[in-house]
Amino acid sequence: MTEFAPTRRALVAGAALMGAAAASGSAFAQNSQSNSSGAPMTAQAAQFPKPPYPEQQQPWPGLAQRMNPRPDHGEETYQGTGRLSGKRALITGGDSGIGRAAAIAFAKEGADVAIAYLPAEEPDAQEVKQVVERAGRKFAAFPGDLREQSYTTGLPGQAVQALGGLDILVNNAAYQQWVPRLEDLSDEQFDQTMKTNLYAMFWLTKAALPHLNQGAAIINTSSEVAAAAPENLIDYSMTKAAILLFTKTMAKQLASRGIRVNAVTPGPIWTPLQVVGGQKPEKLPQFGATTPIGRAGQPVELAPLYVALADPAFSYSTGQVFGATGGDAQPGA
C-alpha cells in the first residue's frame with residue numbers, strides 16, 4: 001500500500017488557499033509512486049472506492065469495521081513527520097470516521113491522544129488504540145455519552161491526568177438522522193442532535209479552557225451542509241451552521257490568550273454516520289457521486305487538514321473555515 005505523506009509546504013499551502021479546493025487538493029503530497037505530470041490527485045487517491053457502493057445499513061451508532069468498503073483512516077497510509085511532537089490531544093468521536101483519522105494522524109505526527117466515544121463503539125476504539133500505541137504514543141480512552149453533562153465536562157481533566165496536559169481539542173462527534181418532513185422530526189431526535197452536536201461542544205470547550213495554554217488549538221467539525229442544507233437533514237444542518245458561529249466568536253474571545261479556534265467543513269465522507277440513518281438507504285450507493293471528484297471522501301483525506309490546524313506553525317489563522325468537500329460549495333470564510 002502506498003503511503004500518504006503530507007509535507008509542510010503542501011499542508012500549509014492547502015489550508016491557506018481558500019478552503020475547500022486547496023485543502024482537498026494541495027494538502028495531498030505526491031508520494032514517490034505517484035505521477036507528477038499534472039494529475040489532480042495522488043496515485044493513492046485514484047485508488048479510493050467510487051460509487052456505486054454496496055447497499056448496507058447498521059444499527060446506530062454503527063462500526064467502521066463493519067462497513068463495505070472499509071473506510072481508510074490512515075492506519076497504513078498516513079505517514080507522519082513529527083509536526084505535533086510532544087502535543088496532547090482530546091478528540092470526540094475518535095473511534096471512527098474523521099475523528100479516528102485525526103487521532104491516527106496526530107499520533108503519527110508525535111502527539112499523545114485521548115478519544116471520547118460511545119460504549120457501543122468499543123470495537124472500533126480498540127483498533128485506534130492499537131495504531132496509536134504502535135506509533136509509540138500514549139493513548140487514553142473515555143467511553144460515554146456526550147449528552148450527559150457530567151461525563152462531558154469531566155473529559156478535559158481526565159485527558160490531562162492521562163496525558164500530562166492538553167494542547168489540542170477537537171470537537172468532532174455528531175449525530176445525524178434524515179427525516180422526510182418536519183412533521184417527522186421528533187422532539188427526541190431534535191434533542192439528541194442538539195445535545196450531541198452543540199451542547200457537548202459548549203460544555204467541553206468551556207471545561208477545557210482552564211487546561212489550555214498559549215499555543216493551544218481548538219478544531220470544530222462543521223459540514224458543507226451549513227451552506228447548502230439538504231431538505232431532509234433539518235436539525236443536523238442547523239447545528240453545523242451554529243458550529244461555524246461558535247468557532248468565530250470563540251476565536252475572537254481566545255485570541256488574546258494565544259488559543260486558535262478554527263472549523264473544518266467536510267463534504268460527503270465515508271463514515272459510519274452515513275450507514276446508520278444519516279442518508280436515505282436508497283441513496284447510499286451513489287453517496288458522493290455528485291461531487292466534482294465523483295466519489296465520497298475517505299477520512300484519511302481530511303487528516304492533513306486537522307494536522308495543519310493543530311500545528312503551532314499555523315499561528316496566524318484563527319476564526320477560519322477550511323473545507324474538504326470534493327469540489328462542492330462550502331460555507332464562506
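Pro-331 counts as buried because its relative accessibility is 6%; buried means under 20% relative accessible area, exposed over 50%, and partly exposed in between, with a 1.4 Å probe and protein chains only. This is a predicted model, in which local features need pLDDT of at least 70, side-chain atom pairs count only at pLDDT 80 or more, and totals for chains, interfaces and linings use all residues. Residues are numbered from 1 along each chain as its sequence is written, and side-chain values use heavy atoms, leaving out hydrogens and water.

Where is Pro-331 found? Pro-331 lies in the segment after strand S7, 321-324. Strands here are DSSP runs of E, at least two residues, and helices are runs of H or I, at least four, numbered from the N terminus. Setting aside neighbours within four places in sequence, Pro-331 is in contact with Ser-223, Glu-224, Ala-226, Ala-227, Leu-244, Thr-265 and Val-321; contact means heavy atoms within 4.5 Å. Val-321 is ten residues from Pro-331 along the chain, and their C-alpha atoms are 7.5 Å apart.

Now the whole protein. There are ten helices and seven strands, and 58% of the 333 residues are buried. Of the contacts between residues at least 6 apart in sequence, 77% join residues at least 24 apart.

Last, a helix pair. The axes of H7 (residues 187-208) and H8 (residues 234-254) come within 9 Å and cross at roughly 15 degrees; axes are lines fitted to C-alpha atoms, for helices over the stretch in contact, with angles from 0 to 180 degrees between N-to-C directions. So H7 is roughly parallel to H8, as angles under 35 degrees count as roughly parallel, over 145 as roughly antiparallel, 65 to 115 as roughly perpendicular and the rest as oblique.
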